[in-house]
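Here is a short report on one protein model. Please look at the sequence and the fold before reading on.

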Amino acid sequence: MKQAIIFISFITIVAGCNNNKEKNEKDPITDVSTTAVTPDPAKDSAAIRAVILDFYNWYTKEYKQLMGYNLYSGLKKQDAPPYKINWDEVKKYQQFIRSSIPQLGEEFLKNQEKMLQQADSVFKVDTEDDIPYGFDYDWYTSSQEEPSYLLNGINKSGKWIITVKGEEASVEIGAPDDKDYLAGSLLLYVGMKKENGQWKIARIGGNE
C-alpha cells in the first residue's frame, strides 16, 4: 500500500512538470525591454512645433542677450578688416546657449561652430571686405528682419510641413496669406534632431 502511494505521487509530479512545460511553451514571457516603440507622427509633430514656437517666443524678447558677445574683431582695428574669430568668446557664447536655451541642441552648436570655422578661413583670404563673412544676417531668423516679424509670421502661418524620419525631421513654414509677407514664399526652414529623447533645433535656414 505504501509503495502504491509513492508510485501515484511520482506520477502526479511528472504530470505536473509536463503541464508546466506545455504552459511555458504556449505562453512565453515577453521581455518588455526589447519591445519596439511605435512612432507617433502626430505626437512628434506637436512636440516639434512646440519647440520652435517656444524658441522664437524667447528669442523675440531676449535676442539682445546673444548680441552682447564679440564673436569676431579686427586684427588691427576693432571694427575694421582684416577680421578674426574670437574663439574664447565663442566658447562663452555657446555655453550660454547650452545653459539658457534648451530648444537649441548640440547638433545646432556643432553646425554653428563649423560655420564660424568657415568664416575664420574666409577672413584669412578676404582681408579687405568691410562686411565680415557670415555676420550680415540674423542666424536665428535666417534673414535681416526683426525677430518679431518672423514670430508674427510663424503664428499666422497655417503652412507647416513637418517631415519626420527616425530621429531627424525637417520643418518648412510657409509665409502666411498676409499683405506684409511675400505670398507663396518659404518663411523659415528648420532642421530638427532628437537628443536624449527630446526634439531639438539642429539647423536654421539652408534649404530655402
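The report covers the basis of the model, its sheet, its helices, its core and its aromatic contacts.

## Basis and overall make-up

This is a predicted model, in which local features need pLDDT of at least 70, side-chain atom pairs count only at pLDDT 80 or more, and totals for chains, interfaces and linings use all residues. Residues are numbered from 1 along each chain as its sequence is written, and side-chain values use heavy atoms, with hydrogens and water left out.

The protein has five helices and six strands. These are DSSP runs numbered from the N terminus: helices are H or I with at least four residues, strands are E with at least two. Along the sequence the pattern reads α-α-β-β-α-α-α-β-β-β-β. Of the 208 residues, 34% count as buried. Buried means under 20% relative accessible area, exposed means over 50%, and partly exposed lies in between (1.4 Å probe, protein chains only). Among contacts between residues at least 6 apart in sequence, 52% join residues at least 24 apart. Contact means heavy atoms within 4.5 Å.

Four strands form an open sheet in the order 3-4-5-6, with antiparallel pairing. Strand 3 (160-165) and strand 6 (198-204) are the edges; each has a single partner strand, so one side of each has no neighbour in the sheet. Neighbouring strands are turned by 25° against each other on average, direction ignored. Two strands pair if DSSP finds at least two bridges between them.

Six bridges join strand 3 to strand 4. I162 stands opposite V171 in strand 4. The hairpin of strand 3 and strand 4 has two residues between the strands, and G166 takes a positive phi near 65° there. Strand 4 is joined to strand 5 by seven bridges; S170 has G191 in strand 5 as its bridge partner. Six bridges join strand 5 (residues 186-195) to strand 6. G191 stands opposite R203 in strand 6. Five of the seven residues of strand 4 are buried, so this strand is largely enclosed by the rest of the structure.

## Helices across the sheet

Helix 2 (residues 41-67) lies across strand 3, strand 4 (168-174), strand 5 and strand 6, at about 60° to strand 6. Helix 4 (residues 106-125) lies across strand 5 and strand 6, and runs at about 15° to strand 6. Axes are lines fitted to C-alpha atoms, for helices over the stretch in contact; angles run from 0 to 180 degrees between N-to-C directions.

Q103 sits in the loop between helix 3 (87-100) and helix 4. Q103 is buried, with a relative accessible area of 14%. Leaving out residues up to four places away in sequence, Q103 touches V51, D54, F55, K200 and I201. Q117 lies in helix 4 and is partly exposed, at 41% relative accessible area. Q117 and W87 are 30 residues apart in sequence and 9.5 Å apart in space, C-alpha to C-alpha.

## The nonpolar core

Which residues of the largest nonpolar core touch the most other members? Of its 41 residues, they are I52, F55, Y56, Y140, M192 and I201. A nonpolar core is a set of buried Ala, Val, Leu, Ile, Met, Phe, Trp, Tyr and Cys residues joined through side-chain atoms within 4.5 Å. Helix 2 gives the most to this core, with eight residues.

Beyond its neighbours within four places in sequence, I52 is in contact with W160, V171, I173, V190 and M192.

## Aromatic contacts

There are 14 aromatic pairs. Rings of Phe, Tyr and Trp (its six-membered ring) pair if their centres lie within 6.5 Å; planes under 30 degrees apart count as stacked, over 60 as edge-to-face and the rest as tilted. F55 and Y56 are edge-to-face, at 4.8 Å centre to centre and 75° between the planes. Both F55 and Y56 are buried. F55 and Y59 have ring centres 5.6 Å apart and planes at 20°, so this pair is stacked. F55 and Y59 lie in helix 2, four residues apart, about one turn of the helix.

F55, Y56, W58, Y59, Y63, F108 and Y140 form one aromatic cluster. R49 lies over the face of W160, 4.3 Å from the ring centre. A charge sits over a ring if NZ of Lys or CZ of Arg is within 6 Å of the ring centre and within 35 degrees of the ring normal.
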